[in-house]
Amino acid sequence: MQQSVIALLKELRAYALEKSLRAAIYYHEEDSYLMRFANSAISLNTNEHLVRLQISVYDGNKHADYEMIADPNQIEPLKRGIDTAAEMASRAQALSYTPSIPCYRETVIDMQAYDPFLAGITNPERLEFFNTLARGLETETIKLSGVFSNGITITAQISTESEHSQYFACTDASITAVLSHQKLKWEVNALQSAQAKTELNPEHLRAELAFLVRQYSQNPAVQLPLGKYTVVFGAAAVGDVLDIFNWVGPNGGMMKRGYSFLKEEQIGQPVFSPRFTLTDDPHCQATYPVSHDLTGKRRERFPLFEAGVLKAFFWSQDDADEFGREATGHSVYHNNLVLSGGEKEVGSLEELAALPREEDILYIPYIHYMNIVNPTAGIFTGSSRFGALLLRKDGSVTVPYNVRVTQSFEDLFGERLEWLSREQCAHNVSLSYGERNPRAIWVPRFICVRGVEISHSNSSY
Amino acid sequence: MKQQLKQNMDKLMAQGATYVDARWYPSEESNSLLMWNGNLKNLSASSQSGVGVRVLYHGAWGFSAASSLEDTAAIFEKALDNARTAAERVDFPVRLAEKDAVRASFVSPNRVDPFTVPLTDKLEFLRMMDTKLNQSGVAQRVAALDFVKRQIVFMDSEGSEIDKTIIDVYPTFEVMGIDKDGEMQSRKYKSARQGSTRGWESLDPEYFSGTAERLVRELNQLLVADNCPKDERSVILLPGIMFLQTHETIGHPLELDRILGYELAFAGGSFVRLEDFGSLRYGSEKLTVRADATLENSPGSFGFDDDGVPAQNNLLIDKGILVGAITGRQMVEEANAKARRQIFSGSSGANRATAFYRVPIERMTNINVDPGTDGSLEDIVRGTERGVILDGDKSWSIGSNREQFHFATDIGWLVEDGEVKGVLKNTTYKGDTLKFYNSLSAVGDESTWEVMYVDNCGKGQPNQIMQLGHGVPVCRFDHVTVGE
């Protein structure tokens, strides 16, 4: 497979050189599978095999891109794509800076995130996985929903600036399992992210779901009074907050354009709690890393916050070119964020519920529909969903209706950050609006924050 | 190619499929230009082609798509294989509502195909916009143009064959500045209907020039504005935010697949229940809403949906009462069966896919609020004791059943005793959906009604971005929490 991809790229490079062009060629191939469940049935079973080719042509300070979803066996239309990009670049308006064209210094074949066993998973296996995780939990009124999404993603790059190419292959799976009550309308979920087939564990999901269904079936539901709570956020909530944080936080380009809540002069200064250490770590296999970025820079471990101190902003090549900075190996499809664990020994929801406590704890596993209310102030909002619990100090459990949290990142990760669990897990944050781009964030299973403001509280499910 | 598709459909029907359709995209082109602070940061184009095949087998769906057409038979076989697996876990066997076999074509109204316009003309338009936006107080300015042209061939095993050519143009621009407190403020223009066509000619330089001047002026007012008060008052939503309010809290909750629980794993459900149709008071008597896919010149008008059902104009909410939903062929049959009564008499023609490689699902068309009888914006302001006028979508967050929401807007204007008192920044409002619409106290007339485009509505797994429209007037809602 890799030979045919590289051969295709080399042929296209040769064509670009023939035309005296300076060009970078990016290959993306996905073989995607998605089994979707709703109302305890398979509502959809799909696969898509798509090849995308992006051609970037550079003409001094001018630059243009042409992308195709096309048949890789038909070379002539692909060459015409190079012609189109060249034509566009020649007519483009010059940038005020010179964009860097990638120059690959070595040939890279990186299959570290590829698992042939996950790549070969079949329809019957996907179905069996869901049958196992839902075993005994579905009833006439409690129905199964969910998704088993998996795929193979191949990316490769070449440019006219050298003969070297880069080739990356990756496998991924993301599972969401939801049990919902048809009449009462509550819903609980369990999530799993896998890079290798051995990481798939339907029994683990089943145990989580069984615990939550028990709580939701046996305990009364209440509308929480508005006010401040000590909140334990689950891995999905933390991962999703960090995903949006990464976008408007330590991103050099966003900072220079005024969208970040962080300022350059804060580098080296304490911004958050000493408990907060966030790293972009391309060695964390669960986050689907690549060894080199799209410009050929080797990806290195990159501390963003250490013990609450802002260490650096990351710079993509284009932002670095525009703002006169050094690129940091962040021309990537995604970062590999790792939030360091703490010292709290709690590895599961059951263990969390069993912990002795001196106050009521609101557990929010998942934040639905998060958005940035004020980027400069770092304020976000979102609603709880999927299995929130109020763990009362007397040891009892109550089920809260959904609540809204509108807080700043500082509220979460600053001095009110009480503890982080030692145990960590991958939270899959992949979206598939366009091309497949598996992403995950490695986070503590739980973090605890004091004084979280609940600004809206539903009166029913 | 059509012959090949037909033969493969026949072959699958002979193997036990009960329905097959294919969407062949001979060509989909796009072209994007984005100028940021005078730099042409993005000049790109794309093309895509391929086939998506949907198969119904023993009451279950299978789907397969590929960009390589070397072996189309394999795409059909894969779709059938996927359906066979799905048929092993069926709860309610899929039945499709009746429709007529259609042999037709649709071309969106255009005079000048933007893909025939020279790049230099597009750049000139962007430069003009950039110059207009490059004014005192503006720290960041963005002007963008996006063009899309889709050619779609739809064929199904019931004998339909539909050719569609759809062109859309999306101009957007935004200015940002840092206010007196060091916070970023912004004003933006989002694509909206200009004239009766959807081609290059819809870009009227004079209109955009005037709009740019207004937005820069408003940005400068924002930079010295006071914060939004934190209290309860009336909100007067201009079309620049009313469209999103409608989208998120009327459009999405009335998608029948959400109501039936098909989106619970991701996008969420709906507070609406099947028993609510015909009786639920969704809003005050001033609220009438329709799904109108026949509206001239909007991305929510497409001739025929991806079930092959013709575009329709249907009431969703009639004088405050819930009467209709956004539906495709599959969901109406299931809903009627589950409700044990006929709520829906057929598909409303709203099943659409974003690309050949995605499966059609219920999507909004043009979800429009009818204009009212409460006059102009000025008339509504005059009748408002304590309020805030809001415009521009800054952020939006909605409960998973669409039962509650929180919106932030780009700008607000304080209203006291029937008069506009000044500009407000960091404006937000929130509410419970039903309570909010039942507090609708004024609906502007035709003069306030605008069709706003949405080019980025996300839904489904695998995720799909869809384009649609919202025709909305100025609306006033009372007793709303603002400033939080």
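## Stop 1

Helices (H or I, at least four residues) and strands (E, at least two) are DSSP runs, numbered from the N terminus. Two strands pair if DSSP finds at least two bridges between them. In general, strands of a sheet pair through backbone hydrogen bonds, either parallel or antiparallel.

Before going on, a word about what you are viewing: this is a predicted model, in which local features need pLDDT of at least 70 and side-chain atom pairs count only at pLDDT 80 or more, while totals for chains, interfaces and linings use all residues. Residues are numbered from 1 along each chain as its sequence is written, chains are lettered from A and ligands numbered from 1 in the order in which they are written, and side-chain values use heavy atoms, with hydrogens and water left out.

Now click on B:Arg290 and look across to S11(B), where B:Leu315 stands opposite.

To complete the picture, show the whole open sheet: four strands of chain B in the order S12-S11-S10-S15, with antiparallel pairing. Its edge strands are S12 and S15 (367-369) of chain B, each pairing on one side only.

## Stop 2: the S2-S3 hairpin of chain B

Next, select S2(B) and S3(B). They pair in the antiparallel sense over seven bridges, and B:Val51 stands opposite B:Ala66 in S3(B). The two strands form a hairpin with two residues between them.

Which residue in the turn has a positive phi? B:His58 does, at about 50°.

Is S3(B) enclosed or open to the outside? Seven of the seven residues of S3(B) are buried, so this strand is largely enclosed by the rest of the structure. Buried here means under 20% relative accessible area. Show the side chains: B:Trp61, B:Phe63 and B:Ala65 point one way from S3(B), and B:Ala60, B:Gly62, B:Ser64 and B:Ala66 the other way.

## Stop 3: where chain A meets chain B

Bring chain A into view. S2 (residues 41-59) of chain A pairs with S3(B) in the parallel sense over four bridges, and A:His49 stands opposite B:Ala66. Strand S3 (residues 62-69) of chain A pairs with S2(B), also parallel, over five bridges. There, A:Glu67 has B:Ser46 as its bridge partner.

How many residues of chain B are in contact with chain A? The count is 90 residues of chain B with 85 residues of chain A, where contact means heavy atoms within 4.5 Å. The two chains bury about 7000 Å² between them, 47% of it on carbon and sulfur atoms. Buried area is the accessible area (1.4 Å probe) that two parts lose on being put together, summed over both. Select B:Lys41, B:Arg89 and B:Leu264: they supply 11% of the area that chain B buries against chain A, more than any other three residues.

There are six salt bridges between the chains, each a side-chain nitrogen of Lys or Arg within 4 Å of a carboxyl oxygen of Asp or Glu. To see one of them, select B:Asp91 and A:Lys143, whose side chains meet at 3.8 Å, N to O. S2(B) gives the largest share of the side of chain B that touches chain A, eleven residues.

## Stop 4

Select helix H7 (residues 329-339) of chain B. Its buried residues include B:Met331, B:Val332 and B:Ala335, and the buried residues of H7(B) pack against S1 (19-36), S3 (60-66), H6 (256-259) and S14 (361-362) of chain B. After H7(B) comes B:Arg340, with a positive phi near 55°.

Then go to B:Asp417, in the loop between S17 (404-416) and S18 (419-425) of chain B. B:Asp417 has a positive phi of about 50° although it is not a glycine, and it is exposed, with a relative accessible area of 64%.

Finish at B:Pro462, in the loop between S21 (450-459) and S22 (464-472) of chain B. A cis peptide bond joins B:Gln461 and B:Pro462, with omega about -5°.

Notes:
Buried < 20%, exposed > 50% of the residue type's maximum accessible area, 1.4 Å probe, protein only.
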